[in-house]
Amino acid sequence: MKLNKAVVVTAISLAVGTFGLIYLNQVNPANSAYPIAQASPQPNQPPDKQRPPRPDFKAAATKLGVTEQQLKDALGVPANPPSPGDRNQRPPRPDFAAAATKLGVTEQQLKDALGVPPHPPRPDFAAAATKLGVTEQRLKDALGVPANPPSPGDRNQRPPRPDFAAAATKLGVTEQQLKDALGVPPHPPGEARPDPSR
């Protein structure tokens, strides 16, 4: 009889202990120590790279003194834009000069109204090579500039960001001298600098 009592007490103790642990360790989605995979809002977008905000056509049209529809027509904005996840159907880059002419404004006024950020000018490799005392071809080779760069509208074949430190070492100059010769603007304080190790 003592053996049956010992087995029953052990079984009850194990059952209570097991259910107690299960109850205490349940995954609570609101307050969980275990990370739960969640769908990202933009599946094909790297998490650390933010997409620029879409232009506010209504506000831009008001600034320019035209209707929203006139602005969209001039820019060639499709009536039904592709869904955010469908990157293969990206509309072509608008011709701002032609759109500005259609609207009777300057290209700069159009870009300012839409909030289009200015693009830095392309580097003058010949002038930079002269400043550094090297040939233009040697400069391009050190920077990894392709012989046939992609067309400006082809965003899928954008060349990788150059490694200025490695290029400077190859050329026998400092990284700052190379950047100064190319006209690379310094990063404003507080702006997150890209991590070249990624």
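The model is predicted, so local features need pLDDT of at least 70 and side-chain atom pairs count only at pLDDT 80 or more, while totals for chains, interfaces and linings use all residues. Residues are numbered from 1 along each chain as its sequence is written, and side-chain values use heavy atoms, with hydrogens and water left out.

**Salt bridges**

A search of the whole structure finds four salt bridges, a salt bridge being a side-chain nitrogen of Lys or Arg within 4 Å of a carboxyl oxygen of Asp or Glu. Helices, one of which you will select next, are DSSP runs of H or I with at least four residues, numbered from the N terminus.

Select helix α5, residues 107–114, where K111 and E107 are four residues apart, or about one helical turn. Show their side chains, and you will find a salt bridge whose closest N and O atoms are 3.4 Å apart. K111 is partly exposed at 24% relative accessibility, and E107 is partly exposed at 33%; here buried means under 20% relative accessible area, exposed means over 50%, and partly exposed lies in between, with a 1.4 Å probe and protein chains only.

Move on to helix α7, residues 136–143, in which K140 and E136 are likewise four residues apart. Their side chains meet in a salt bridge, 3.5 Å from N to O. K140 has a relative accessible area of 24% and is partly exposed, and E136 is partly exposed at 33%.

Now select helix α9, residues 175–182, which holds both K179 and E175, about one turn of the helix apart. The side chains of K179 and E175 form a salt bridge of 3.4 Å, N to O. Is K179 buried or exposed? At 15% relative accessibility K179 counts as buried, whereas E175, at 34%, counts as partly exposed.

Finally, select F125, A128, K131 and L132 in α6, which meet Q177, L178, A181 and L182 in α9, contact meaning heavy atoms within 4.5 Å.

Note on methods. Helices (H or I, at least four residues) and strands (E, at least two) are DSSP runs, numbered from the N terminus.
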